[in-house]
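Here's a quick briefing to read alongside the structure.

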Amino acid sequence: MDHQIKNTMKNNNSSSVSIENHPWKKKPTTLLLFLSLLSISLLLLRLSQDKIILITTTKTTATTGTDHQRSHKSSEDDTCLGRYIYIHNLPSRFNLEIIKDCKSITRPKDKISMCKYLDNSGFGPLIGGKSSDYSPSWYATNQFMLEVIFHEKMKSYECLTRNSSLASAIYVPYYAGLDFRRHLRRRNVAARDAAGKELVKWLKKQPQWKDMSGKNHFLVTGRISRDFRRNSGSRSAWGTNFMLLSESLNLTFLSIERSLTSHNEFAIPYPTYFHPTSTPEILQWQEKIRLTNRTVLFSFAGAQRPSRNQNGVVRTEVIKQCKSSSKTCRFLDCDVNANSCDDPISLMKLFESSTFCLQPPGDSLTRKSVFDSILAGCIPVFFNQGSAYKQYLWHIPKNSSKYSVYITVKELRTGGKNKIEEILRGIPNERVVGMRENVIRLIPKIVYAKPNRNKPDGEILEDSFDVAVKGVLERIEGIRRNEFKTD
């Protein structure tokens, strides 16, 4: 700009010099004024054109950029390509109204109101104090709060989009498990089934459903699969028929325990008590339990179960053998010490002091205790393939012997009263050390970090949520390739 002005001034000077021999030289002031005004007018015209170009460019940039969609970027620059997720804005009766009426999801035998467990984005009340090992990222988390926890984390997911046409997957934030808990004891199955039927009816009316008939939709439940698989012909049996609805067969379900015969259901970890804020916090906890002194060979925390089925028989035998190995096994009887079993710190201290943690089936094949013991660096001991190996396919390694011990029911029942102790004592120490290290490495993938976790170094360890979302996206992309191919 200065250069243009200088050139203009130079030209003006040249003109004033050449005028001296011109017939108009008698009126130099008028001529100079005319030429100066002409030069200034041309300069202003040039500046105004530059400004118009600048405004036009800015406006174009502003209109091409969209919230969380990055549509102005090329495919090479868009790190969210193939990872975009759209969240259905469901009517509040399917989520917010359920937790607002939290007293209705509290059962008479619950020692703490479910309303309390809704604190801190579904993590529950903080545990420990300023001097405790379990602060500030440790919470008394209820195992049935996964739906709320997952929804809160999804709200902070880095690749959300408000344009469903860009989405690779559609998330349905229906709190199916908590809704079922409200109607748990109702004999009227129509009342139990009503919300699920209303949901699929609502979904089918949405434009997002039409593209893939719902096969790009996924939903999280904080209960086991059996709670939603009541046979439609049964008018009094346990649970609802939500997962058996024809529309539900197109959905992808994430549950704390899946049906082993289901094609559209995947198990993800029960929520533990630890919800770290950052990667350094996870690494610090891993180092702590790596150095923990373990004074107990094996332990079990649980209550007796009726021996009407194989699961009950196995648990009875596990308790019997733990008691008979009293010098090497510690049994936390939840029938007698219910308060200790409900206390996260008591449980974690037990698991941290143990080399092996027994995980027999209970009311169902899986247990929250599996993930609490892994968090404590305790090697899990399983008695049923369906307790973990056939469940958490996205979150735990296929080579189960690297991080766990498996004892068959036949070995347990015919091997003598101290068979468990005999097997565990027979594992070489170097192998035990290796197994524990592999258990500790699993921790990031089985915890649900805080939704607003820090990323100071730009890199984070994948948590349970990240692994689950990745699994969903890969599954839906596979369906899209195989069933919705385009020529």
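Helices (H or I, at least four residues) and strands (E, at least two) are DSSP runs, numbered from the N terminus. This is a predicted model, where local features need pLDDT of at least 70, side-chain atom pairs count only at pLDDT 80 or more, and totals for chains, interfaces and linings use all residues. Residues are numbered from 1 along each chain as its sequence is written, and side-chain values use heavy atoms, with hydrogens and water left out.

- Start with Ala195, which is found in helix 7 (residues 189-204).
- Ala195 counts as buried, at 16% relative accessibility; buried means under 20% relative accessible area, exposed over 50%, and partly exposed in between (1.4 Å probe, protein chains only).
- Setting aside neighbours within four places in sequence, Ala195 is in contact with Phe94, Tyr174 and Asp179, where contact means heavy atoms within 4.5 Å.
- Ala195 and Phe242 are 47 residues apart in sequence, and their C-alpha atoms are 8.7 Å apart in space.

**Helix 9**

- Helix 9 (residues 279-290) has 12 residues, which at 1.5 Å a residue should span 16 Å; its end C-alpha atoms are 17 Å apart, and that agrees. The expected span is 1.5 Å times one less than the number of residues.
- Which residues of helix 9 are buried? They are Thr279, Glu281, Ile282, Trp285, Gln286 and Ile289.
- These residues cover an arc of only 165 degrees around the axis, which puts them on the same side of helix 9. The arc is that of the directions from the helix axis to the C-beta atoms.
- Helix 12 (344-352), helix 13 (368-375) and helix 16 (429-446) are included in what covers the buried residues of helix 9.

**Aromatic rings**

- A pair of aromatic rings is described by the distance of the centres and the angle of the planes.
- Here, rings of Phe, Tyr and Trp (its six-membered ring) pair if their centres lie within 6.5 Å; planes under 30 degrees apart count as stacked, over 60 as edge-to-face and the rest as tilted.
- A search of the whole structure turns up 20 aromatic pairs.
- Take Phe242 and Phe253: their ring centres are 5.6 Å apart and their planes sit at 90 degrees, so this pair is edge-to-face.
- Phe242 lies in the loop between strand 3 (217-224) and strand 4 (252-257), while Phe253 is in strand 4, so the pair ties together parts that are 11 residues apart in sequence.
- Buried or exposed, these two? Phe242 and Phe253 are both buried.
- Phe371 and Tyr392 form another edge-to-face pair, 4.9 Å centre to centre with 85 degrees between the planes.
- Phe371 belongs to helix 13 and Tyr392 to the loop between strand 9 (379-382) and strand 10 (405-406), so parts 21 residues apart in sequence are tied together.
- Phe371 is buried, with a relative accessible area of 1%, and Tyr392 counts as buried at 1% relative accessibility.
- Ring pairs also link Phe94, Tyr174, Phe180, Phe228, Trp238, Phe242 and Phe253 into a cluster.

**Charges over rings**

- The charged end of Arg223 sits over the ring of Phe144, 4.7 Å from its centre. For this, NZ of Lys or CZ of Arg must be within 6 Å of the ring centre and within 35 degrees of the ring normal.
- Lys368 lies over the face of Tyr273, at 3.5 Å from the ring centre.

**Disulfides**

- How many disulfides does a search of the whole structure find? The search finds 5, a disulfide being a pair of cysteine sulfur atoms within 2.5 Å.
- Cys80 and Cys159 are both buried.
- Another disulfide joins Cys102 to Cys115 (S to S 1.9 Å), and its 100 degrees about the S-S bond make the link right-handed.
- Cys102 counts as buried at 13% relative accessibility, whereas Cys115 is partly exposed, with a relative accessible area of 23%.
- Cys357 and Cys378 are joined too (S to S 2.2 Å).
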